[in-house]
Amino acid sequence: MTANPVSVNSNACLISPEIGKSAIAPAHPPLKLGVLASGSGSNFEVIAQAIQNQELNAQIPVLIYNNPEAKAAARAEKYGIPSILLNHRDCKSREELDTKIVKTFQEYDVEWVVMAGWMRIVTKVLFDAFPDRVINLHPSLLPSFPGIRAVEQALAAKVKITGCTVHIARLEVDSGPILMQAAVPVLPEDTAETLHARIQVQEHKIMLGAIALIAESNRNYCD
């Protein structure tokens with residue numbers, strides 16, 4: 001009997017909708033992306049690298065990070081992108097933080113907001129300023145396993161397939177219209193660390209794919 005390739009290939013995945021050349025067609029003018037990051041900034045760098053390589057017709061006028069220890073700031077410096085620390089600990093409420101975020105993004109003429117590892121709950125303040133223009137990346141196949149520790153949730157549920165999702169964000173955490181998903185098999189020997197590492201590979205792909213789809217839609221609208 002021939003083995004199922006998904007069961008033996010740890011890198012096997014299914015991305016929907018499929019990413020093709022049409023998805024990264026040039027748009028004019030480039031999308032201006034305001035990126036929010038709380039940690040290492042690996043997804044931010046994937047976007048910045050694709051822009052630098054002219055694989056994605058977008059700009060990142062500014063990166064906002066909320067954690068003084070976040071490595072995302074160093075990655076932004078590497079690409080000559082301004083980064084601004086807005087420490088949530090200095091704010092009395094989530095709304096106060098989001099008000100500062102909106103003010104900063106408006107100063108930089110940001111069109112779309114990308115939450116790339118942003119570990120803060122977003123409020124109506126941000127959504128009202130950028131209606132249907134805030135996207136989020138989550139390490140599960142939403143609507144399954146929303147919230148924190150999604151990878152651990154998947155392992156505890158003993159599912160055979162999990163993955164990641166890019167979606168238009170809504171007030172309800174990890175909800176909203178889905179733009180792109182990638183399915184990743186869960187292997188018998190997986191730990192949270194090994195599974196998350198494979199999911200992250202697909203996160204990078206679908207983040208670029210989703211932004212490219214938005215750029216293409218923007219091009220069609222402008223035309």
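This is a tour of the structure, one selection at a time.

The model is predicted, so local features are taken at pLDDT of at least 70 and side-chain atom pairs at pLDDT 80 or more, while totals for chains, interfaces and linings use all residues. Residues are numbered from 1 along each chain as its sequence is written, and side-chain values use heavy atoms, with hydrogens and water left out.

**The sheet**

Begin with the strands. Helices (H or I, at least four residues) and strands (E, at least two) are DSSP runs, numbered from the N terminus. Two strands pair if DSSP finds at least two bridges between them. Eight strands form an open sheet with mixed pairing, in the order β1-β8-β7-β6-β5-β2-β3-β4. Select β1 (14–16) and β4 (83–85) to see the edges: each has a single partner strand, so one side of each is left without a neighbour in the sheet. From one strand to the next, the twist averages 20 degrees. Axes here are lines fitted to C-alpha atoms, for helices over the stretch in contact, and angles run from 0 to 180 degrees between N-to-C directions.

Next select residues 112–115, which make up strand β5. Trp112 and Val114 point one way, Val113 and Met115 point the other way, and all are buried. Buried means under 20% relative accessible area, exposed over 50%, and partly exposed in between (1.4 Å probe, protein chains only).

Leu33 has Trp112 as its bridge partner in β5. Between β5 and β6 the chain passes through helix α5 (residues 124–129), a right-handed β-α-β crossover. A crossover is right-handed if, with the strands pointing away from the viewer, the path from the first strand over the helix to the second runs clockwise.

Move on to strand β7 (residues 161–168). Seven of its eight residues are buried, so β7 is largely enclosed by the rest of the structure. β7 runs antiparallel to β6, and four bridges join them. Two pairs to pick out are Leu137 with Val166 as its bridge partner in β7, and Ile135, which stands opposite Ile168. β7 also runs antiparallel to strand β8 (residues 178–185), joined to it by seven bridges. Thr162 stands opposite Val184 in β8.

Stay in β7 and select His167. At 1% relative accessibility, His167 counts as buried. Contact means heavy atoms within 4.5 Å. Leaving aside neighbours within four places in sequence, the contacts of His167 include Asn136, Leu142, Asp174 and Leu179.

**Helix α2**

Select residues 42–52, helix α2. Nine of these 11 residues are buried, so α2 is largely enclosed by the rest of the structure. Among the buried ones are Phe44, Val46, Ile47 and Ile51.

**Backbone points to check**

Most residues other than glycine have a negative phi, and most peptide bonds are trans.

- Gln54 lies in the loop between α2 and β3. Its phi is near 60 degrees, a positive value in a residue other than glycine. Gln54 is exposed, with a relative accessible area of 74%.
- Asp132 is in the loop between α5 and β6. Its phi is near 55 degrees, also positive. Asp132 is partly exposed, with a relative accessible area of 47%.
- Pro143 lies in the loop between β6 and α6. A cis peptide bond joins Leu142 and Pro143, with omega about 15 degrees.

**The largest pocket**

Finish with Gly117, Trp118, Met119, Leu137 and Pro139. Of the 38 residues that line the largest pocket, these lie nearest its centre. The elements that give two or more residues to this lining are α2, β6, α6 (150–157) and α7 (192–222). The largest share, four residues, comes from α7.

The volume of the largest pocket is about 990 Å³. On a 1 Å grid over the protein atoms alone, a pocket is an open set of points where a 1.4 Å probe fits, with protein on both sides within 12 Å along at least five of seven lines; lining residues have an atom within 4 Å of a point. Grid points are joined across faces, edges and corners, and a volume is the space filled by probe spheres set on the points.
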